[in-house]
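Colleague: I have a new model open on my screen and would like to learn how to read it. Could you walk me through it?

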Protein chains: 2
Amino acid sequence: MKRKAASLDAVLAALADPHRRRVVEVLRSGPQNAGELSALVGLSPPAMSRHLRLLRGCGLVSEAHPEFDARVRVYSLRPQPLGELKAWLETTERLWADQLASFKKHLERGR
Amino acid sequence: MKRKAASLDAVLAALADPHRRRVVEVLRSGPQNAGELSALVGLSPPAMSRHLRLLRGCGLVSEAHPEFDARVRVYSLRPQPLGELKAWLETTERLWADQLASFKKHLERGR
DNA sequence: CATATGATTTCAATTTTTGTTAAATATTGT
DNA sequence: ACAATATTTAACAAAAATTGAAATCATATG
């Protein structure tokens, strides 16, 4: 089963929705099945399922069947896409700091 | 001039668009005026203006008039919202790691 | 087998987003 | 005053995302 390349675009769009971000917040303390998620987040099962599909699509969560009941689907958080987003953020912050530093130097020279 | 509370929602939605993220990437190496941004990103001035309005709205960029020509508007990156996003990310990654650790411990105990 | 359960899919209606063209605003140079 | 420049706003159409309700799937259980 091939996993789609987690594009920043898709990841950010996924996280931009409060319900979906709530799902991530729940999942970060441990895996949960779809029903629990729908109850915890306060969405109808169909609505939750669609959000989960989206989250799965961008690689933020993965799905598994538990051995004792193959009807339920257990969702877990996948750290990779969050790592990529964090990397982008850190690059941005670093470059911004560099820019500030050279501007400061520029001021000092021109004094 | 009051600044709207930079909600994660708005910030993430803003960054989810490739054009807007490109703007941020350009601005992280230094301020630019609207015209340059529109050229660099490859959007018509009206389109760029609307993206800039959105970025301003969620606090990701700030606007200023240069003294020598009050027609142009110079945009700069504001680090605060990115910082908040990074904080959320770090919390998420930390909790996820904690969860993993306690699961590992659980396995060891049950062996 | 019949029925109940956990979850997903489909579909149509609605809303949101995005780009374009045309017009407006503000400012500068002649 | 007039024309040119930098940018924004408004109005509109096209494209994309979201949502609730009903239908469907797959698995479990009596």
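Modeller: Gladly! Let's begin with residue classes: Ala, Val, Leu, Ile, Met, Phe, Trp, Tyr, Cys and Pro count as nonpolar, Asp, Glu, Lys and Arg as charged, and the others, Gly among them, as polar. Keep in mind that this is a predicted model.

Colleague: How many nonpolar, polar and charged residues has the surface near DNA strand C?

Modeller: That surface has nine nonpolar, five polar and seven charged residues. Among the 21 residues around DNA strand C, those that come nearest are A:N33, A:G35, A:P46, A:S49 and A:V72.

Colleague: Which helix gives the most to the surface near DNA strand C?

Modeller: Helix 4 of chain A does, with six residues. At least two residues each come from helix 3 (34-41) and helix 4 (45-57) of chain A, and from helix 4 (45-57) of chain B.

Colleague: Now the sheets, please. How do I read those?

Modeller: Strands of a sheet pair through backbone hydrogen bonds, either parallel or antiparallel. In chain A, three strands form an open sheet in the order 1-3-2, with antiparallel pairing. Strand 1 (32-33) and strand 2 (61-64) of chain A each have a single partner strand, so one side of each lacks a neighbour in the sheet.

Colleague: Which residue stands opposite A:Q32?

Modeller: A:Y75, in strand 3 of chain A. Two bridges join strand 1 of chain A to strand 3 (residues 74-77) of chain A. Helix 2 (residues 18-27) of chain A lies across strands 1, 2 and 3 of chain A, at about 85 degrees to strand 3.

Colleague: And what order has the sheet in chain B?

Modeller: Its three strands have the order 1-3-2, with antiparallel pairing. Four bridges join strand 2 of chain B to strand 3 of chain B, and B:A64 stands opposite B:V74.

How values were computed:
Residues numbered from 1 in each chain as written. Chains lettered and ligands numbered in written order. Predicted model: local features only at pLDDT ≥ 70, side-chain atom pairs only at ≥ 80, totals over all residues. Near = placed C-beta within 6 Å. Pairing = 2+ DSSP bridges. Contact = placed C-beta atoms within 7 Å. Axes fitted to C-alpha atoms, helices over the stretch in contact; angles between N-to-C directions.
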